[in-house]
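Dear colleague,

I am handing over the structure below, and after it you will find some notes on what turned up when I went through it.

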Amino acid sequence: MGKGLLAPSLLAADFANLGRDVDMVNQSEADWFHLDIMDGVFVPNISFGMPVVKAIAQKANKTLDVHLMIVNPDRYIQTFADLGANYLTVHYEACTHLHRTLQAIKAAGMKAGVALNPHTSVHLLEDTIADIDLVCLMSVNPGFGGQSFIENTYAKVAALREIIEKKGTQTLIEIDGGVQAHNAKKLVDTGADVLVAGSFVFNSDQPIETIKDLKAQIA
Ligand code: DX5
Ligand code: ZN
């Protein structure tokens with residue numbers, strides 16, 4: 001299997017020391033920044049918005065992977081492009097016209113991602129996979145960090161990998177929620193490309209070391 005990428009989620013950072021935590025990720029072996037945007041409607045929580053993303057973008061020196069857990073994401077595509085997002089991921093469950101949304105994300109100069117809630121089948125993406133740069137499989141119910149990993153995710157990774165291979169696309173598979181040292185390698189071996197890790201990284205006393213250890217497992 002290929003090399004796994006690691007995307008620490010700043011949702012678990014210390015917001016009173018956000019600059020320090022962004023620097024930590026900059027200096028670490030992590031590959032991307034994962035930014036979770038929650039609107040209190042699509043998910044039962046509110047995280048942070050544009051001014052915070054702008055501040056992070058000014059300091060971050062790695063790919064910005066923005067995960068929108070919001071209704072009507074089309075309204076904000078250009079805004080996140082202007083803020084410097086590299087990947088913009090919308091939820092399948094929040095898009096009435098997913099194909100149109102994907103085209104709009106790409107027209108704004110970003111890579112287009114689709115996130116699936118744990119109950120949403122990967123087979124629903126068979127007709128759009130050629131237009132998707134990244135599929136984010138939620139391995140917890142979105143809305144909060146620190147939840148435990150849903151084991152059915154492995155089956156979804158394998159099924160999605162089959163679809164991607166059958167269609168011959170370059171789509172990346174990302175796993176979001178409950179990623180820790182004990183499941184990281186198995187996820188990548190099953191076919192995942194990008195692992196998001198929030199609390200496991202930021203609750204560590206030595207996050208740089210924790211990132212290094214996770215990377216060593218999935219490299
Ligand atoms: C959950 C978010 C995740 C979250 C992951 O709704 O999409 O990105 O930050 O946090 P952990 O790794 O703590 O499960
Ligand atoms: Zn996320």
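Which residues does aspartate 176 touch, not counting those up to four places away in sequence? With contact meaning heavy atoms within 4.5 Å, they are His34, Asp36, His67, Cys136, Leu137, Met138, Ser139, Val140 and Val196.

This is a predicted model, in which local features need pLDDT of at least 70 and side-chain atom pairs count only at pLDDT 80 or more, while totals for chains, interfaces and linings use all residues. Residues are numbered from 1 along each chain as its sequence is written, chains are lettered from A and ligands numbered from 1 in the order in which they are written, and side-chain values use heavy atoms, with hydrogens and water left out.

Aspartate 176 belongs to strand S7 (residues 172–176), strands being DSSP runs of E of at least two residues and helices runs of H or I of at least four, numbered from the N terminus. Aspartate 176 is buried (under 20% relative accessible area, with a 1.4 Å probe and protein chains only), and its side chain makes a polar contact with that of histidine 34 at 3.2 Å (a pair of N or O atoms within 3.5 Å, one able to donate a hydrogen and the other to accept it; residues adjacent in sequence count only if both atoms are side-chain atoms).

Cysteine 136, among the residues that aspartate 176 touches, is buried at a relative accessible area of 0%. Its sulfur is 13 Å from the closest cysteine sulfur, in cysteine 95, too far for a bond, and the structure holds 0 disulfides (pairs of cysteine sulfur atoms within 2.5 Å).

Best wishes

How values were computed: Buried < 20%, exposed > 50% of the residue type's maximum accessible area, 1.4 Å probe, protein only. Lys, Arg positive; Asp, Glu negative; His and termini not counted. Salt bridge = Lys/Arg side-chain N within 4 Å of Asp/Glu carboxyl O.
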